[in-house]
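Colleague: I would like to go through some of the labels on this model and hear what each one rests on. Please set the value beside the cut-off each time.

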Amino acid sequence: MKIETIAIHAGNHVDPVSKSVIQPIVMSTTFERNAEGGYDSGYIYSRSANPNRTALETVLAQLENGVEAAAFSSGNAAGMSVFQALEPGTHIICPDDMYHGLRNQLKALFNGILEFDFIDVNDEQVLNQHIKSNTGLIWIETPSNPLLKITDIKKVVSIAREKNIKVVCDNTFATPVCQQPLTLGADLVMHSTTKYFGGHSDLMGGALITAEKSEFWDKIRNVQTMGGAIPSPMDCYYLTRSIKTLPYRVKGHVNNALLMTNFLASHPEVEAVMYPGLSSHPQHDIARQQMSGFGAMFSFTLKGGEAKARKVINSLEIFTQATSLGGVESLIEHRASVEGPDTKTPFNLLRVSIGLEHIDDLIADMEQALAAV
């Protein structure tokens, strides 16, 4: 099936009792045992499994062409389960502009338990130089947050395979509508489902999807069940519902991003635009090869430094100054001030999550904000 059909049908089944077309919400935390003490429904306790979470994990796995998915209460919880499943002393290679939430998580919670290096994973020579005998995982994020770097997934996978190293790809910015890392050889895909999957800035979640069932995947499943960082049945229901429109929402987001970045690229007040859909992007050709769409996230830097960037962001009327991304509303933020003192993000950079408002209104708003300063 095509992705639009998967999004609508894979996470739903007609209720056998009521015959409701949409699967109901099952709020029960526990399930009845039969006379022999077994569980006819297959459900025991909602921390280990719940019908709504099963529906969500089913559609997530199929969207990414994986064999199984595990849903979590947040993207950070999903990422942490990967790190918790690794043997102590394992070395991880991460991108130097890794999402700051997971980067800080590694530094604060896993320092002394795991080893990790933050490098330019796009530089093949640098990547090979940092592989050690205990390297067990290469973490990639493409497009990256917030610099929109593109990593050649096939190339990294090829290097990792020679050393029996797992590759995990954070696919949050791209979504499976624009990119499917498992088909390019990655072992696991991670998502913050809070973002485009939810799509309305009103629920939180995370997910991992695996290319194959393995001992490592079993460990991740154990972390999910025993750690208990799971989404509620209500969150699973609403997330599954939102996914039904994901392919069409993403197409609208991408179309708006292409038009807005072309506008910004030609504006005299703009220093640079970071968006893989532009031919000026240094990895545009790689993006064309491995992506079916270029996503809807972009960043741009302004002439005049941080002061100019802050004036622009405070002059906008339709764009909301807020963290997060993937909602129907357009968001913009001064990213360096969010990431903290060790940020590598330029202070004249603004990160944009383009929404689904009419593009003429968005461009007009950006135009007046750039003219106002």
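Modeller: Let us start with helix 4, where His-100, Gly-101, Leu-102, Arg-103, Gln-105 and Leu-106 are buried. The model is predicted, so the values are computed from it.

Colleague: What do the buried residues of helix 4 pack against?

Modeller: They pack against helix 3, strand 2 (91-95), strand 3, strand 4, strand 6 (188-191) and helix 13 (335-339). One of those residues, Arg-103, also has its charged end over the ring of Phe-118, 4.2 Å from the ring centre.

Colleague: What makes that a charge over a ring?

Modeller: The CZ atom of an Arg has to be within 6 Å of the ring centre and within 35 degrees of the ring normal. The distance for Arg-103 and Phe-118 is 4.2 Å. Lys-166 likewise lies over the face of Phe-216, at 4.8 Å from the ring centre.

Colleague: Why is Phe-83 called buried?

Modeller: Buried requires under 20% relative accessible area. Phe-83 has 1% relative accessibility, so it counts as buried. Phe-110 counts as buried because its value is 6%, and Trp-139 because its value is 0%.

Colleague: And why is Arg-288 called exposed?

Modeller: The label exposed needs a value over 50%. Arg-288 has a relative accessible area of 56%, so it is exposed. Arg-288 is found in helix 11 (residues 284-290). Its C-alpha atom is separated by 31 Å from that of Asn-104, which is 184 residues apart from it along the chain.

Colleague: How many aromatic pairs does the structure hold?

Modeller: There are six aromatic pairs. One of them joins Phe-83 and Phe-110, with 5.7 Å centre to centre and 75° between the planes.

Colleague: Why is the pair of Phe-83 and Trp-139 called tilted?

Modeller: Under 30 degrees would be stacked and over 60 edge-to-face; the rest are tilted. Phe-83 and Trp-139 have 45° between the planes, at 5.4 Å centre to centre. Phe-83 lies in helix 3 and Trp-139 in strand 4 (residues 135-141), so this pair ties together parts that are 56 residues apart in sequence. Phe-83, Phe-110 and Trp-139 form one aromatic cluster.

Colleague: Which residues have the most contacts inside the largest nonpolar core?

Modeller: They are Met-260, Leu-264, Phe-300 and Met-366, in a core of 82 residues. Helix 10 (residues 246-265) gives the most to this core, with seven residues. The core draws at least three residues from each of domain 1 (3-241) and domain 2 (246-372). A second, separate core of 25 residues includes Ala-77, Ala-78, Trp-139 and Phe-216.

Colleague: How do you know that both faces of strand 9 are covered?

Modeller: In a regular strand the side chains alternate between the two faces of the sheet. Met-297, Ser-299 and Thr-301 on one side are buried, as are Phe-298, Phe-300 and Leu-302 on the other. That makes six of the six residues in strand 9 (residues 297-302).

Colleague: What makes strand 9 and strand 8 a pair?

Modeller: Pairing needs at least two bridges. Four bridges join strand 8 (residues 270-274) to strand 9, and the two run antiparallel. Val-273 has Phe-300 as its bridge partner in strand 9. Five bridges join strand 9 to strand 12 (residues 349-353), also antiparallel.

Colleague: Why are strand 8 and strand 10 said to stand at the edges?

Modeller: Five strands form an open sheet in the order 8-9-12-11-10, with mixed pairing. Strand 8 and strand 10 (320-321) each have a single partner strand, so one side of each is left without a neighbour in the sheet.

Notes:
Residues numbered from 1 in each chain as written. Predicted model: local features only at pLDDT ≥ 70, side-chain atom pairs only at ≥ 80, totals over all residues. Heavy atoms only, no water. Core = buried A, V, L, I, M, F, W, Y, C linked by side-chain atoms within 4.5 Å. Buried < 20%, exposed > 50% of the residue type's maximum accessible area, 1.4 Å probe, protein only. Domains from an automatic or database assignment. Phe/Tyr/Trp six-rings, centres within 6.5 Å; stacked < 30°, edge-to-face > 60°. Contact = heavy atoms within 4.5 Å.
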